[in-house]
Structures are given as C-alpha cells and as structure tokens.
Amino acid sequence: MTIDWHARAAAMQFDGRALINGERVWAASGARFDNLSPIDGKKLCEVARCDGADVELAVQAARAAFEDRRWAGMPPAARKRVMIQFAELVLAAKEELALIETLDMGKPIKYSLAVDVNSCANCLRWYGEAVDKVYDEIAPTSDRSLALITREPVGVVAAIVPWNYPLIMAAWKIAPALAAGNSVILKPSEKSPLSALRLGELALQAGIPPGVLNVLPGFGHEVGSSLGLHMDIDCLGFTGSTRVGKQIFQYAGQSNLKRVWTELGGKSANIVCADCPDLDAAVRAAVGSIYFNQGESCNAPSRLFVEASIKDEFLHKALALVPNFAPGDPLDEATVMGAIVDQTQMQTVLGYIASGQQEGAQLLAGGAQERIASGGFYIAPTLFDGVQNDMKIAREEIFGPVLSVLSFTDVDAAIRAANASPYGLQAGFWSADIGRVHRAARALRAGTIHVNQYDDDDITVPFGGFKQSGNGRDKSLHAFDKYTELKTTWINIA
Ligand code: NAD
C-alpha cells in the first residue's frame, strides 16, 4: 500500500517543547522560535528556545538521576532490556519519525525510512546488547596485589548534534552514553529539533527513568554555549562544524575541563587510478556519494581525483548519471535528492558555486537553485571539472551537492594533494594493484579509508577523523572510551 505522505504531513501534530526531568516543558523564559520546513519554507511549529536557565534545570535533573543511580545502578541485563525496548519503539514509530525527519530537514522520505530510522534503532539496539557483554580487566601485577582496571560512567554527558542526520547523530551519541550508565542532555540543531524531542519521549516510554535523558532545543550561542560552559557537566560530545568545535574546546578550558569529544567537518578525497578494477562502480560511487543527502554529509567525497588518462571516459559516464539526482519533492517516494536544510545553507552553497566559476573551474552540470515554484530550498546536482587543489571549492567544506573534479598523472602527488587539507575524515582509493592500495591506505591521513568502494559502513566500526575533523570516534565499542572514566583499584592481598 502506498502512503499518502502529503496527507499524513497535513495531519501531523508537532510538539516543540523541551524534555526536562521526564516532563515536556516550554523554556523557562517562555521564548519560542519558528521551525520552518525546507520543503516549502513554511512554518511547521514553534519550538522551545532554551537557554542557560533550562540548562540549569536539566543539569540538576541529570545530576540527581546520576547520583541516585536510578539508571547506572540497574543490573546491566535490565539496562540492556530497556535499551532494546527503546530501539523497538523507534522502529514501531518508523513512519512518524521518518516523516518528521523529512519535513524538518528536507531529506527524501525514501531515505528517512530506509536509512535514518533504521540506523538509529540499530545503534540503540547494538549498544543495548553490549551492556552486559563488556568486561573489565585485571592487570598482570605481582602476587602481592590485585589491580583492577574498571570503567565507570563519566556522569552527566551533554551531546550537541547537527542537522544533517538528526536521528542518527543523536543515536551515535546517546546510545553509548546511556548504555555506559550516564545521564544525558541532548541538544539537537535549531534547524532540525523535532525528531530528537520525539526520541526523548520514546526513551521514557521504553523505561529510561526521568532525568536520565533530557532534550533541550534552541540555538548554539544560547543553550549550546551554556552546556559548554557549565561547571557540572562532565563530558561534552559534539558533532558539527570545525569552527564551532574549536569553540567547544575553549568552553571546556574556561570552565571545568569537561571531557570534550568532537566529530567535525570534512573535505574527503576520492582517488581513482587508471587501473581501477570497475570504472562503472567508481563512477556510481563518486556521483552517488556526493549527492546523497543533498551533499550534506560530513564524509561526502567532495574532491574527486581522477587519473588523467581515464578522465574523459570517467566524466562522460558521470555526467550521464547526474540528472538522476535532480531534486524532487521530498515526500514523493521516488525522489532521491531533497531540499537543502534552509535558506542560509542554500545561499552558502550557491556562494561556493559562484566562487568556483570566478576561480576558473569549469561548470559541467547544475550550478543553480531549482524548484523555485514549490518554495523551499533546492539546488541542482553540480559538477565542476578543472578544479585546482588551492581553489576555495577544493579547500573548504561546502556541505551541498557540489562535486569538484581534479586530475593527476602521478599517484603520489595525488595522495599528497589529498592530504593537503586541514581535514582528515575519510578518503577513497580505487586501484587493482594490491601493493599500491596498501601504500595509499597507509599514506592517506584520514579516519576511514575506502578501497574500491565508498559506501561501506557499519555500527561495528569507528567513525571519526584525523586533524581538524575532530578527535572523537562515534560507533563501535571504542565509543565507550568517550563516555567512561578508567579507574585503577590496587588491593593488597599479601
Ligand atoms: P554547527 O557547528 O553549526 O552546529 C552543530 C551544533 O552546534 C548545533 O546543534 C548548533 O546549534 C550547535 N552550536 C552552534 N554554535 C554553537 C556554540 N557557539 N556553542 C555551542 N553549540 C553551538 O554545524 P551544522 O551546520 O549543524 O552541521 C554541519 C557540520 O557538521 C559540518 O561541518 C559537518 O561536516 C559536520 N558533521 C560531522 C560529522 C562527523 O561525524 N564528523 C557528522 C555530521 C556532521
């Protein structure tokens, strides 16, 4: 049965209130902000504009919940059951959550359903299942003593997340933090606050006790900075831009040296050698990965290096695929590219396109706003050839559907150019020569290297960057390192 998403959207009721200590509440100040949909630029609802006063209430609730051990003190098997129930409730609310996600940030409903909600539920379940399977250690010390190395929850964790994958980014933070026994204050982006608020309700319904997960919508310079500067928050997990990431470290230095973990921007390089084993697959991956999620992905391979001898053939194939990504109505299940998150981001992307043209790159596809009659913010899939690595479009993160193509004749020079970036989130490398592949994988300075594919991803592997792409790793058991303190206990047994 096909779903009439427009009818569902028209009937949808939104709740923009914060979640503090298990209650849905407006900001203490009474302030609210208008939440617009990027699909048509129209108002969806009002949302609580939280600030320092609400942070204070949420920290008190989170601290009280942590101190009385209503969550951390539950038997691990019981916490596991609650987390798994949380995942089940997310799946049961799949269509509702997917619709919220699409209306709030503009991605196609097809992907909200197939990717975002499933991935969020999978993450909650995976960390839930881990709760009673992770053991502590005993150190190999002398016979005279016993040295226990244990992990404890760090306490009150703040999580500040961006708008590009609101449910997934929230889950990557809250799932390991909650599974480890912490209390959490989640701050979604002001551009996409609604799914996180609904997630908070589902957590309560699943049995996560009041005060353990609080959700504070609002602006970065108000609620975000108050979280960063708070003296009673033990850890801050941040995903967002490198610019704000730097600010987050300063907040920690100006306050209580809270542990800070950052997952930041990217300008990932994708290098295709002439001996690439499957050129069609390389073309599909290069084009599909940059236009997926409207190009609003931190790991999007936005710099494509193609060996000169195959570049014409590569571009010919790529340009044939580009029209498949023309933006469409995000509520139409056939649409693969939706709306840019807001007017500001659309203007930023159009500004980068103009700069590419001014600096002499050749615009081979796209380059303009589309679907102007529908309202909302849409940009055609855009492809530049003849890009140099020192052009602005090759240096800075655009965060939109813009692919920059560069060419090379010497693979070592291509790797050096790929590394000549302040970012180091991910990189791709395509070659049939196993020795060359290993040398490149070692030489590329990035948190994840994709070889002869660019899409593989799984909750079992860490996700994060080198250099100014941040210091933290989301996903996998390594994420527990961020939300736990390591304690050594020496016992004299002589
Ligand atoms: P952003 O840095 O503008 O905002 C991120 C979050 O920080 C939002 O919730 C925002 O309200 C808050 N914030 C803004 N200013 C703040 C301040 N002064 N103090 C505290 N909080 C503040 O980023 P964005 O535009 O929402 O997201 C896009 C960025 O996120 C891109 O750079 C992208 O690469 C990055 N990102 C990285 C990853 C990763 O895993 N490395 C994943 C997704 C997105």
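Entry 1, the sheet. I began at Leu-148, whose bridge partner in β23 is Thr-489. Before going on, I noted that this is a predicted model, where local features need pLDDT of at least 70, side-chain atom pairs count only at pLDDT 80 or more, and totals for chains, interfaces and linings use all residues. Residues are numbered from 1 along each chain as its sequence is written, and side-chain values use heavy atoms, with hydrogens and water left out.

My strands are DSSP runs of E with at least two residues, my helices runs of H or I with at least four, both numbered from the N terminus. I call two strands paired if DSSP finds at least two bridges between them. On that basis β6 and β23 (residues 484-492) pair in the antiparallel sense over 9 bridges.

Put together, I have an open sheet of 3 strands in the order β5-β6-β23, with antiparallel pairing. β5 and β23 are at the edges with a single partner strand each, so one side of each has no neighbour in the sheet.

I counted a residue as near if one of its heavy atoms lies within 4 Å, and 29 residues surround the ligand, the closest being Val-161, Glu-190, Ser-241, Leu-264 and Glu-397. Three elements, α8 (220-229), β10 (235-239) and α9 (242-254), each give at least two residues to the shell.

Which atoms of the protein lie 2.8 Å from a ligand oxygen? I found a backbone N or O atom of Val-161 there, a polar contact being a pair of N or O atoms within 3.5 Å. The side chain of Trp-163 has an N or O atom 2.9 Å from a ligand oxygen, and a backbone N or O atom of Gly-240 lies 3.3 Å from one. Of the 840 Å² of accessible area that the ligand has on its own, the protein covers 90% (Shrake-Rupley method, 1.4 Å probe).

Technical notes:
Polar contact = N/O pair within 3.5 Å; in protein donor to acceptor, adjacent residues only side chain to side chain.
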